[in-house]
Amino acid sequence: MIVTANTLRFDSLSLDSGATIAPVDVTYEAYGELNAARSNAILVLHAFSGDAHAAGISPETGQPGWWDNMIGPGKAFDTNKYFVICSNVLGGCRGTTGPASINPATGCPYGMSFPVITVGDMVRLQAMLVSALGVERLLAVTGGSMGGMQALEWAVAYPDRVVAVIPIASTTRHSAQQIAFNEVGRQAIMADPNWDAGNYYGKELPGRGLAVARMVGHITYMSDDSMREKFGRRLRGKETFGFDFEVDFEVENYLRYRGSQFVGRFDANSYLYITKAMDYFDLTNGQRSLAGAMEAVRARFLVISFSSDWLYPSYQSQELVRALRSRNCDVAYVELESNYGHDSFLVDVAEQSGLVRGFLASTFEKLA
Amino acid sequence: MNEPNGRKQEFVSELLGRSDYAIIGEIVEPKSKVLDLGCGEGELLEWLALTKGVDARGVEISSAKVQRAIARGVSVFQSDIDAGLADYPDQAFDYVILSQTLQEMRHPLQVLREMLRVGRRGIVAFPNFGHWRVRFSMLTSGGAPRTPLFPHEWYDSPNIHFLTVHDFEDLVDKHGIRVERRYFLAGNRKVRTLPNLMAEVAVYLVSRR
């Protein structure tokens, strides 16, 4: 399935900080057909470094979408049955307005003059997009990691617009550890002299800093087991140590490759803004308890976590599940066994597919 | 509600092979809210949802079973029973079901009390260790009883409490639990006389006094 991205422009978007972005573009892809009752739409929300290209093959890059193993004809999010939408988040760098976009007031890229955004702002823009596509109520909102946070924000901010929520490997708020890793990434970028307070557009990119940030990120997405399996202590293209600081180990090569590859597709300032939005995210949002914040929630939930995910550990999903139960919400939860760490939701999808397929089918049936 | 199709009917007849499930099906009112503790793969809940239109929820500790339950569309969460009950508000359900699991609980009385906090009524089904075959097995073998209903070796049996119909009656009497209905079963037949001797499985509908 060859898919193409579309971009919609809205006049303005009001932000949680009090600032306004005007105008604001949102880039999205859509798969399958919206039914006559407009009851089969699913909004898929991408993780930190994802984009609108969730499924199918991009005609530009020839690459499959980041969740192509989950979305498509006959797959868990079956595009023969459901109408699936995915958009690039606010603050991103893959079509939706972000710090690399041109500020119409100055004619230059926003850079650090881009207002600080929140997950709530991302979701408000998605709600505008979904309305513009003719969908009042979504059958499901779903995503892993930061995508799961957006799904939860949807459930709380738009309780009448979501029937079901599937947060995967996610949390209701970032822990100190999660904030700490994000801060290391941000500091790596800002320590790169090329970053130049965010004014690097049209000049040399802060590629070293962004690459280091991505290397740290990749470590947190894997598990000790999966790294041992994938790399062990194997050397890269040599029989003995080089006794220098070039690449010795396979794992070093992998991280360097991933880091430099990332520089080609991701904007360093977007890294700063989006990680900040994740760190600010807290579903309790001034409420005394998580359960209190869930008061208006009506959706049914399928919550999934992974045994080896130490970045978004199961206890965070379980906290969510407990709060939902104390509200007597309809919630299914399971911790899946997987060795792939936080990346499990992207790569280890056999069991996840069965769960999502059954959960969606029963949700859709109950609706009819 | 969908009409049961062929596959479902076959499934129901298989299910009714479990006599306690058939009784539970008799007890549960249509459109009620049901929580099944230790729900396995959610067969009972799926059947109750299909035939009675109940709002069906389940708790199960095994990840593999939870996965199969969710895949068949039943809302099950992975947890042990104690933790699974603790988060619910009072009287959240019309029925809380504990089917053939009481004898496996570390603290059965605590579970019963929690069931009646979370649910208006509890449905408790348990195997009766007072059945004559169990008594006979123990008397003749001199070892831990093994019968078709209790096929396990003592060292790998999930059963850690060995209660009889008499024992359960004593317990509810002593702890202010009201028995609304009681059913005694041997195979698929109802037992009318000498239940402590003749029943293989007992099913109680209980509530708070």
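**Close-up views of the predicted complex**

**View 1. The two domains of chain A.** In this predicted model, the centres of domain 1 and domain 2 of chain A, taken over C-alpha atoms, are separated by 26 Å. Domain 1 of chain A comprises residues 6–174 + 283–367, and domain 2 covers residues 178–276.

**View 2. The contact between domain 1 and domain 2 of chain A.** On the domain 1 side, 24 residues are in contact with 20 residues of domain 2 of chain A. The side of domain 1 that touches domain 2 consists of 13 nonpolar residues, ten polar residues and one charged residue.

**View 3. Helix H4 of chain B and its surroundings.** Helix H4 of chain B spans residues 63–71, and its buried residues are B:Val66, B:Gln67, B:Arg68, B:Ala69, B:Ile70 and B:Ala71. From chain A, strand S13 (300–306), strand S14 (331–336) and helix H11 (350–367) pack against these buried residues. From chain B, strand S2 (55–60) and strand S3 (75–78) also pack against them. After H4(B) comes B:Gly73, which has a positive phi, near 95 degrees.

View 4. For chain B, the mean pLDDT is 89, with 91% of residues reaching 70 or more. For the complex, the predictor reports an ipTM of 0.86 and a pTM of 0.93.

Key
Residues are numbered from 1 along each chain as its sequence is written. Chains are lettered from A and ligands numbered from 1 in the order in which they are written. This is a predicted model: local features need pLDDT of at least 70, side-chain atom pairs count only at pLDDT 80 or more; totals for chains, interfaces and linings use all residues. A residue is buried if 20 or more other C-beta atoms lie within 10 Å of its own, exposed if 12 or fewer, and partly exposed in between; C-beta atoms are placed from the backbone. Helices (H or I, at least four residues) and strands (E, at least two) are DSSP runs, numbered from the N terminus. Two residues are in contact if their C-beta atoms, placed from the backbone, lie within 7 Å. pLDDT is the predictor's confidence in each residue, from 0 to 100. Domain bounds come from an automatic or database domain assignment. Ala, Val, Leu, Ile, Met, Phe, Trp, Tyr, Cys and Pro count as nonpolar, Asp, Glu, Lys and Arg as charged, and the others, Gly among them, as polar.
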